[in-house]
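Please consult the sequence and the structure while reading the points below.

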Amino acid sequence: RTIDGKAWTKVNPNCGSTSFVVSDLISGQEYFFRVRAENRFGVGPPAETIQRTTARDPIHPPDPPIKLKIGLVTKNTVSLTWKPPKNDGGAPVTHYNVECLRWDRTGEVKETWKQCNRRDVEETKFTVEDLVEGGEYEFRVKAVNIAGPSRPSATVGPLVVKDQTCPPSIELKEFMEVGEGTDVNIVAKIKGVPFPTLTWLKASPKKPDDKTPVLYDEHVNKIVGEDTCTLLIQQSRRSDTGLYTITAVNNLGTASKEMRLNVLGRPGPPVGPIKFESILADKMTISWLPPLDDGGSKITNYVIEKKEANRRTWVPVTNEPKECLFTVPKLMEGHEYVFRIMAQNKYGIGEPLDSEPETARNLFTVPGPCDKPTVSSITRDSMTVNWEEPEHDGGSPITGYWLERKETTGKRWTRVNRDPIKPMTLGVSYKVTGLIEGSEYQFRVSAINAAGVGPPSMPSDPAIARDPIAPPGPPIPKVTDWTKSSVDLEWTPPLKDGGSRVTGYIVEYKEEGKEEWERVKDKEIRGTKFVVAGLKEGCFYKFRVRAVNAAGIGEPGEVTDIIEMKDRIVAPDINLDASVRDRIVVHAGGVIRIIAYVSGKPAPTVTWSRDDQALPGEAKIEETAISSSLVIKNCKRSHQGIYTLLAKNAGGERKKTIIVDVLDVPGPVGMPFLTENLTNDSCKLTWFTPEDDGGSPITNYIIEKRESDHRAWTPVTCTVTRQNATVQGLTEGKAYFFRIAAENIIGMGPFTETTKEIVIRDPITVPDRPEDLEVKAVTKNSVTLTWNPPKYNGGSDITMYVLE
């Protein structure tokens, strides 16, 4: 509330901490503040500020000015510049005071700091006057606001006051690029005392050392300022492109700077003459050279026009060529033509280059016939035709070939290719597809040049469209098993069947040390498996398989290993049934069934164990020739564990482990107890999780209640996932018993009941007043308040504070 007001105004909707910033205050107004603690029972008494608080920002002198620099120095003046302070102290800077300190020639201070300005300096620059020539001075500046002057800035100096001299220096851009017709200002910044004499020179880009003075006229002019020299070029031209040099000279030295100016415009004409590379009745190929002057920009293309020699009108041909060569099409035979070419860049089209008149006419004839073509690589639907170029090309290079075909029983020739076949360096070949199997074909070819198509060649020799047949490739055999007198063979068909279906296989073997292979069976074997029997015990044998088709017997595929005839020892192997996984989950009362298939030679012995101990008494083992099964009916939680199957024979041993989880309802929870009486109609219960969760996470706790003088239990809640819960809806003054059971996905476990009755009563009151209320920070429209919690919270956690 304000000091002249009586009503308190609430300033916050809620506050959970012990500090708060009160905003939206009126600058200059005085206020009192108070705060009260609140719990769920109600609001306690207030704590109030004793001293009044005025809303205003604190004001102090500004920071010192920064970046104080010395400018021009003469025999009795010094020019100074600086930047405003970073912090104005909460009030605007009204002016600056400039101070100086004089030293004597021995290096000792001759005077104290004194103010140099007779009036307030409002700008950030000042020229100190009436200094003693040859005197040595230091300078500093102070900023002033309504709170007073700042601390002084960093000092500059000591400095001897005298007229300055310095050799010339120049600042100038190194490169400028403009479009033709643009006004150009080449500005050079000049330094030097005394001010130097300035001269502009120009040189051609191709001869940078050949510099000549710039001639000033209406087109080019020189403008000299206080510290600049500008070369002004009005309506720039391509000829203004060059290397410009400015030279500055005074009695202390000379300085020079160069700048390259590039004036961009349209290109010049191409370099002639225009040459006629080839002349035909309907087209001509012309060539030329690029222009000497590309206008300062890359040539993007050339514009070509034509006209008949006896006419005046030019007709556009194209503007596409980027190279200096083009074939002009659609000419009329016997007509005389003139062509002209213009270069183009991004600034426009340059001047044209004209050709001499030339007549459209053929200077050569069609090519002669090719030799008779040959046919190769014949299949059932394709053939490859080969030929050589003709002896005479008619005076013009061969540009392509037409290939024709016909069946030997027909008379009509049909063109094979849609587009001319391109010539090659060493002969020409073309694969003809889409032929009819069993038909006989002939082929002929005609050469093409600029004059047209030559006469066809002699027809090729007839060829029938059919696939070539060869014996099949080798099969890929392997030995899958053996005994002391037999071997089991298996193979995959050959990768290549030779163009004919494989009709059977021949199996052969030979004893080690012998040269000849023996055939196992007189007839061909139809499948891809065979057992070779009747072999000698203890002997070593090699085996091979050959495929057969209509062309004959193919190459053999040989087994890489040499097989010794003796009984085979195979280490045990265990494979679980598809219904069994590495982990089995069973509900209590169900059946644990583990089926494993055991193989090996000789037949392995099989043993079962659980957790490296003997099996439970309820476990039954069922054996067959290929499997071993473990069965436990009506299983319990105690039956879970890691079950291990061990198979052994002369070849070694093999283990397989299966994790079995048996799920059941959870066990009883830990004894529940009362942790807190909350209100006159509720209490809070806490308990411990069951020692056994039944193999599945606890999903819920079920709570029931009964009055001490009743026998019936009443459900309290059905969804509790923590180990505590607040029971609501109780009657004040009555005594209750409670019981709790855990639940998982299998079901609900047994109840655990409280041993003592719980009487419901409410001990909670409002909290005491907060402690140590203080005003910490004040601005023109806000204050920051802090306090400590009350010593007593009324028996319930503080929920918020009410601030007024």
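A salt bridge is a side-chain nitrogen of Lys or Arg within 4 Å of a carboxyl oxygen of Asp or Glu. By that criterion, the whole structure contains 31 salt bridges. The structure is a predicted model, in which local features need pLDDT of at least 70 and side-chain atom pairs count only at pLDDT 80 or more, whereas totals for chains, interfaces and linings use all residues. Residues are numbered from 1 along each chain as its sequence is written, and side-chain values use heavy atoms, with hydrogens and water left out.

**Salt bridges**

- Asp130 pairs with Arg118 in a salt bridge whose closest N and O atoms are 3.9 Å apart.
- Asp130 lies in the loop between strand 10 (125-128) and strand 11 (136-145), and Arg118 in the loop between strand 9 (114-115) and strand 10, so the pair ties together parts that are 12 residues apart in sequence. Strands here are DSSP runs (E, at least two residues), numbered from the N terminus.
- Asp130 is exposed, with a relative accessible area of 62%, and Arg118 is likewise exposed, with 80%. Exposed means over 50% relative accessible area, buried under 20%, and partly exposed in between (1.4 Å probe, protein chains only).
- Glu564 and Lys566 form another salt bridge, with 3.7 Å between the closest N and O atoms. Glu564 is partly exposed at 29% relative accessibility, and Lys566 is partly exposed at 43%.
- A salt bridge also links Lys776 to Glu774, the closest N and O atoms being 3.9 Å apart. Lys776 is exposed, with a relative accessible area of 53%, while Glu774 is partly exposed at 39%.

**Charged surface patches**

- Patches are made of residues with over 30% relative accessible area and no salt bridge, like charges being joined within 9 Å. Lys and Arg count as positive and Asp and Glu as negative, while His and the chain ends are not counted.
- The place of a charge is taken as NZ of Lys, CZ of Arg, CG of Asp or CD of Glu. Accessible areas come from the Shrake-Rupley method with a 1.4 Å probe.
- A patch of negative charge on the surface comprises Asp371, Glu388, Glu389, Glu391 and Asp393. Within this group, Glu389 sits in the loop between strand 32 (382-387) and strand 33 (400-407), and Glu389 counts as exposed at 53% relative accessibility.
- Lys67, Lys69, Lys83 and Lys86 gather in a surface patch of positive charge. Lys69 belongs to strand 6 (residues 66-73) and counts as exposed at 52% relative accessibility.

- Asn744, in the loop between strand 60 (735-743) and strand 61 (752-753), is buried, with a relative accessible area of 4%.
- The Asn744 side chain reaches the backbone oxygen of Asp693 at 2.9 Å.
- Ser627, in strand 52 (residues 627-632), is buried, with a relative accessible area of 10%.
- The side chains of Ser627 and Thr624 make a polar contact at 2.5 Å. A polar contact is a pair of N or O atoms within 3.5 Å; within protein, one must be able to donate a hydrogen and the other to accept it, and residues adjacent in sequence count only if both atoms are side-chain atoms.

Technical notes. Patches are made of residues with over 30% relative accessible area and no salt bridge: like charges are joined within 9 Å, nonpolar side chains (Val, Leu, Ile, Met, Phe, Trp, Tyr) within 5 Å. Helices (H or I, at least four residues) and strands (E, at least two) are DSSP runs, numbered from the N terminus.
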